[in-house]
Amino acid sequence: MIKAVVKGVAHAVPNKILTNADLEKLVDTSDEWIMQRTGMRERRICEPHETTATLATEAAKKVLAKTETSPTEIDLIVVGSVTGDYMFPSVSCIVQNAIGAKKAGAMDVGAACAGFIYSVATAAAFIESGSLKKVLVIGADALTKYVDWTDRSTCILFGDGAGAMLLEAAPGSDHGVIKTVMLADGAGAPLIDVEVGGNRYPVGSPQAEGRRTKIFMAGSEVYRFAVKSIGDACCRVLDLAGISSDDVDLFVPHQANLRIIESAAERLHLPSEKVFVNVEKFGNTSAASIPIALSDAESTGKLTKGMTVLTVGFGAGLVWGANLIRW
Ligand code: UT7
C-alpha cells in the first residue's frame with residue numbers, strides 16, 4: 001500500500017503584530033477579557049502589500065528548502081483557502097508560478113478553517129491511489145482583510161498566515177496519513193459568512209445593498225458547534241484507524257479559542273501535555289492554523305518523528321474534519 005508521508009512542514013506569517021492592547025484602542029474590550037475568553041494575546045496582520053498568495057508562497061519556499069526539494073519535482077499544489085487574492089485565478093496557480101513548479105497542477109480547496117484538513121485528505125487520496133508522488137499542501141488565509149474593526153465580538157479573533165506541508169508517496173511505509181474524515185452541514189451556512197463578493201451579492205450590485213461585506217459570526221452557536229464537531233471528527237477518525245485517544249501522542253487542533261480546545265481535549269480524555277496550543281501567538285488563522293501549529297510544534301521539539309498526531313479543523317460552511325498522521 002502506498003502511504004502519503006510528511007517530508008516537512010513550514011510556515012510564514014506577517015511581521016506586523018496586533019496585540020490585545022492595540023485592540024483596546026479600537027473597541028470596547030480588554031486584555032483580560034480576550035485572554036479569559038479566547039486565550040489570545042496577539043496575532044499577525046497583513047500589510048496592504050501582503051496577501052494570502054504571498055504568505056502561501058513564502059511558506060512553500062521554506063518547506064521546499066527544508067526538504068531540499070526542487071519545485072519541478074512537485075506534481076500538484078493544493079491550497080486550502082477562502083481568502084484568495086482574486087475571485088479567480090486561484091491562490092495555488094499564483095504559488096505555482098511564484099515557486100516555479102513547472103510540472104505541477106494547482107487547485108484551491110474552499111473549506112474555511114477546515115481547509116487544511118480537506119486539502120491533506122485530497123492530496124493523500126491522489127498519492128495513495130498511485131496517481132501522484134509529491135504534493136505540496138498549503139493552508140493560507142488573510143481573514144483580517146475582511147474583519148469589521150468596529151465589531152468587538154469578531155475583530156479580536158483573527159490573524160493572517162500560511163503553513164505548507166510536503167507529502168510524498170512511500171510504498172509500504174508505516175508513517176504518513178493514516179485516516180481522514182471530512183464532514184459538512186450546509187444548514188449552518190448563515191452562522192459564519194461574508195455575504196458580498198460572491199455571485200449572489202456581487203460587489204457594487206444593487207443586490208449587495210445593505211448586505212455584509214465583513215465577517216459575521218454567531219459566536220456562541222459556533223462555539224457549541226466547534227466543541228461538538230471536534231469530538232465527532234476525532235472519534236470517527238480514531239474509530240476508522242482502530243485506535244483510541246490513548247494512542248495519540250499529540251493533538252493539534254484548529255486554534256480558534258483556547259476554551260474550545262480545552263473542552264474538546266477533556267471530552268477526548270487527552271491530558272494537556274498531549275495538546276498543542278499556540279493560539280496566544282497567532283489567533284485564529286483559519287486554514288493556516290493547523291499547519292502553522294504543526295510547524296511550530298516541530299520547531300519547538302514537541303512534534304517528533306514516529307509520533308501519532310491527531311489534527312482536527314472546523315469552520316464556516318459548516319465544515320469539519322480530522323486527519324490522523326504518523327509523523
Ligand atoms: O474558526 C471558525 C470557528 N470560530 C470559532 O470557533 C469561534 C467560536 N466562538 C468563540 O470563540 C466565542 O463565542 C467568542 C470568543 C467569539 C465569544 O466568547 P463568548 O464567551 O461566547 O462570549 P459571548 O458572545 O457569549 O458574549 C459574552 C459577553 C457579551 O456581553 P453581554 O451581552 O453578556 O453584556 C458580549 O457583548 O461578552 C461581550 N463581548 C465582549 N466583551 C469584551 C463580546 N466580545 C467582547 C470583547 N470584549 N471583545
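How much space lies in the second largest pocket? About 200 Å³ lies there, in what is a predicted model.

**The pocket.** Start by selecting Val-6, Lys-7, Gly-8, Lys-305 and Trp-327, which are the closest to the pocket centre among the 14 residues of its lining. Next, select strand S1, residues 2-12; this strand gives the most to the lining of the second largest pocket, with 4 residues. Colour the lining by class to see 3 nonpolar, 6 polar and 5 charged residues. Then colour by domain: domain 1 (2-173) and domain 2 (177-326) each supply at least three residues of that lining.

**The two domains.** Now widen the selection to the protein chain, for which the domain assignment gives domain 1 as 2-173 and domain 2 as 177-326.

**A helix pair.** Finally, select helix H7 (residues 219-241) together with helix H8 (residues 258-267). Their axes come within 9 Å of each other and cross at roughly 35 degrees, and the crossing is right-handed. On the H7 side, show Tyr-223, Ala-226, Val-227, Lys-228 and Ile-230, which make the contact with Arg-259, Ile-260, Ser-263, Ala-264 and Arg-267 of H8. Coloured by class, this contact of H7 with H8 has 6 nonpolar, 1 polar and 3 charged residues.

Definitions and conventions: Residues are numbered from 1 along each chain as its sequence is written. This is a predicted model: local features need pLDDT of at least 70, side-chain atom pairs count only at pLDDT 80 or more; totals for chains, interfaces and linings use all residues. Side-chain values use heavy atoms; hydrogens and water are left out. On a 1 Å grid over the protein atoms alone, a cavity is a set of points where a 1.4 Å probe fits but cannot get out, and a pocket is an open set with protein on both sides within 12 Å along at least five of seven lines; lining residues have an atom within 4 Å of a point. Grid points are joined across faces, edges and corners, and a volume is the space filled by probe spheres set on the points. Helices (H or I, at least four residues) and strands (E, at least two) are DSSP runs, numbered from the N terminus. Ala, Val, Leu, Ile, Met, Phe, Trp, Tyr, Cys and Pro count as nonpolar, Asp, Glu, Lys and Arg as charged, and the others, Gly among them, as polar. Domain bounds come from an automatic or database domain assignment. Axes are lines fitted to C-alpha atoms, for helices over the stretch in contact, and angles run from 0 to 180 degrees between N-to-C directions. A crossing is left-handed if the near helix is turned anticlockwise from the far one by less than a right angle, and right-handed if clockwise. Contact means heavy atoms within 4.5 Å.
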